[in-house]
Each structure stands twice: as structure tokens, then as C-alpha cells.
Amino acid sequence: MTRVDGRVDGILVVDKPVGPTSHDVVALVRRLAGTRKIGHGGTLDPFASGVLPLYLGLGTRVVEFHLGAREAYRATVVFGGSSTTDDLEGEITPSIGEPPTRGSVAAALGAFLGSQEQRPPAFSARKVGGRRAYALARRGETPELTPRTVTFHDLALVDWDDADPDHPTAVVDVACSAGTYIRALARDLGEAVGNAGYLGALRRTASGPFALADAHALDEVRAAAADARLAGLLLPAGAGLDDLPALTLAAAEQRVVAHGAADGDPLPRESGRVGRLGLAGEGIAVGSPVRLLAPDGTLAAIARVAEAGRLITDKVLLDRKTAAGEGGAPDA
């Protein structure tokens with residue numbers, strides 16, 4: 001949404017097309033919105049498309065609370081060959097193994113469910129000895145990458161194409177933890193069926209609480225910016241944070257947050273009591289985030305639980321004019 005000072009704040013969910021990098025999309029929206037403060041939630045490779053949340057203005061203050069969220073993808077896995085990059089952009093080497101069947105692939109997917117150690121692709125941004133793995137791989141070196149723990153919450157084979165019997169393809173819906181390499185899943189799935197596989201196409205269908213239904217094509221974003229309607233495409237900064245406990249501030253408390261409680265300052269003793277969260281006596285761990293809501297329900301700040309049941313402001317989204325009742329609704 002647009003603030004009274006003309007700045008645009010909130011979350012813009014983009015449907016990234018195949019071709020541009022995530023940074024290309026960020027640069028475009030930065031120019032269209034006329035803002036320098038912008039971040040994104042989770043990089044997509046150039047050949048991938050789909051949900052790319054962008055955080056503008058005050059929206060950048062909530063990025064960290066979305067980065068560990070679940071993700072969902074629709075992945076096309078091509079069998080019958082391996083790739084140096086584990087996707088279609090690498091050098092492909094034909095497999096000598098017997099091509100898999102739909103049944104063997106469906107059965108193999110079940111073994112990936114749950115938490116497991118995943119070896120990142122050689123061409124990845126992971127650092128090895130202070131160098132990016134892809135930089136080493138481009139020089140012909142084999143980077144030694146430490147496996148990382150990932151979780152597959154759901155894997156479903158939704159389509160199968162064996163028109164080319166030597167290179168059948170599977171379309172798989174994936175729900176997984178943040179930081180999972182879908183390219184590595186394609187590689188490992190090929191190995192699991194005694195063949196080889198690589199990622200032929202990828203579309204992110206959800207990133208945390210944001211799905212394709214929330215996303216806007218770049219042409220739509222350009223048109224909205226040209227007509228001064230870009231702010232109308234934004235979700236409020238508080239969108240998607242409903243899993244965090246919330247405390248609604250009284251008007252006086254809202255003014256304290258905006259004026260007297262800078263980041264790291266405690267709220268007044270009574271207003272800051274965790275007991276006001278109404279969680280039926282259940283404790284909240286020290287350091288846990290809590291939403292502080294303005295009287296109209298919009299996000300005023302995010303606080304964290306401190307010792308002795310106190311709340312300490314962490315990310316303040318209110319401005320002083322808003323808290324004093326000047327200039328309309330608070331940014332959220």
C-alpha cells in the first residue's frame with residue numbers, strides 16, 4: 001500500500017517467467033516502484049518460473065519471518081541422462097541403465113518422504129573453502145559439498161510421458177522445506193530407479209503462505225505501474241504471518257511503540273505482559289516473535305518475548321504520524 005509520504009510498502013507476489021533471474025525481477029520492480037528498499041523471498045533459477053515474493057519498503061522488515069517457510073513446486077524430471085548441473089542447462093550424458101517405468105518412479109518417490117540428507121548440486125551457490133561451488137565446478141574441479149538436512153512433506157507423480165522410451169519424463173508435485181534443491185531430487189530420483197535423471201522444468205507453486213493465486217505476471221505489474229496502480233497489487237506487510245501469536249495494542253500503547261519504544265526497547269510493563277496473548281496459560285519461548293497489531297488489526301510491529309514475560313520491540317512498522325492519528329491507516 002502507499003503511505004501518506006508517497007512511499008510504497010508491502011508484499012508483491014510476482015509470477016516470475018522463464019528467462020530472467022530473480023535479481024532481474026527485483027531490479028525491474030525497484031525501478032517501477034521507485035524504491036531502493038526491496039528484497040525477495042527465495043531465489044529461482046532463470047529456467048524456473050512461478051511464485052517470487054518481493055518485499056517493498058517497510059515490507060523488508062518481515063522478510064526473515066518468511067525465509068524458513070515450506071515451498072511447493074511442480075517439477076519435470078527427465079530420465080535417461082545425467083547433467084553436469086543436474087538440470088537442462090548442463091552438459092547431458094546419456095545413461096546406460098534401463099529406462100524406468102511409471103510404476104518404478106512412483107514407488108521410488110515414497111522413499112524420499114520425510115527428512116533426509118541431500119547432497120547439493122556441484123553447480124550451486126554453496127561455499128567451499130570460501131569459494132562458490134559453481135565457480136569451482138566451472139574450472140573443472142569437483143567441490144566437496146557437505147550434505148544438508150531437507151524435508152519432503154509430499155511427493156506426487158501427476159503425469160508420465162514415455163513417448164520417447166529412452167527418455168521418459170515424470171511431472172512431480174513437491175512440497176518441501178525451504179532450501180531444498182529440486183535439481184538434486186531429480187538427480188537422486190534417477191539414481192534410485194537405476195538410471196539417471198535431471199530437472200527439465202520447474203515451476204514454484206507456493207512459497208510459504210503465498211501461492212500462484214496471489215501472484216501477478218510481470219506484464220500486469222508493468223501496466224499497473226504505468227497507471228499508478230502498483231500499490232493496489234501489494235499485500236500488506238503483515239500478510240502470511242498468521243501463525244505468529246498476536247497482541248492488539250491500545251491506542252496509547254500504539255503511540256508508545258511509534259514514539260518511545262525503538263527497536264530493542266521494552267514496552268510498558270502492563271502492556272508488555274505475555275499473559276495478554278490469551279494462549280490459555282501456555283508458555284511462549286524466550287526469543288519467540290509476537291505480532292503487535294494496531295487497533296484496526298494491521299501490523300504495527302513485531303516484538304520478541306524476553307525474560308519475565310516481557311515483550312521487546314524488534315521490527316517497528318508504525319510511524320509517528322500514524323500512531324498519533326494523523327494521515328490515515330498504519331502501514332501493514
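Helices α1 and α5 are roughly parallel to each other, a label given to angles under 35 degrees. This is a predicted model, in which local features need pLDDT of at least 70 and side-chain atom pairs count only at pLDDT 80 or more, while totals for chains, interfaces and linings use all residues. Residues are numbered from 1 along each chain as its sequence is written, and side-chain values use heavy atoms, with hydrogens and water left out.

**View 1. How α1 and α5 cross.** Helix α1 covers residues 22-33 and helix α5 covers residues 218-226; their axes come within 10 Å and cross at roughly 15 degrees. Here axes are lines fitted to C-alpha atoms, for helices over the stretch in contact, and angles run from 0 to 180 degrees between N-to-C directions. Helices (H or I, at least four residues) and strands (E, at least two) are DSSP runs, numbered from the N terminus. The crossing of α1 and α5 is left-handed, meaning that the near helix is turned anticlockwise from the far one by less than a right angle.

**View 2. The residues where α1 meets α5.** On the α1 side, look for V25, L28, V29 and L32; they meet L218, V221, R222 and A225 of α5. Contact means heavy atoms within 4.5 Å. Sorted by class, this contact has seven nonpolar residues, one charged and no polar. Ala, Val, Leu, Ile, Met, Phe, Trp, Tyr, Cys and Pro count as nonpolar, Asp, Glu, Lys and Arg as charged, and the others, Gly among them, as polar.

**View 3. An open sheet of four strands.** The strands run in the order β15-β16-β17-β18, with mixed pairing. Strands β15 (246-248) and β18 (311-316) stand at the edges with a single partner each, so one side of each has no neighbour in the sheet. From one strand to the next, the twist averages 35 degrees. Two strands pair if DSSP finds at least two bridges between them.

**View 4. Strand β16 and its partners.** β16 (residues 289-293) pairs with β17 (residues 299-305) in the antiparallel sense over five bridges. V290 stands opposite A303 in β17, and R291 stands opposite I302. With β15, the pairing of β16 is parallel, over three bridges; T248 has L293 in β16 as its bridge partner. Four of the five residues of β16 are buried, so this strand is largely enclosed by the rest of the structure. Buried means under 20% relative accessible area (1.4 Å probe, protein chains only).

Key. Angles under 35 degrees count as roughly parallel, over 145 as roughly antiparallel, 65 to 115 as roughly perpendicular and the rest as oblique. Buried means under 20% relative accessible area, exposed over 50%, partly exposed in between (1.4 Å probe, protein chains only).
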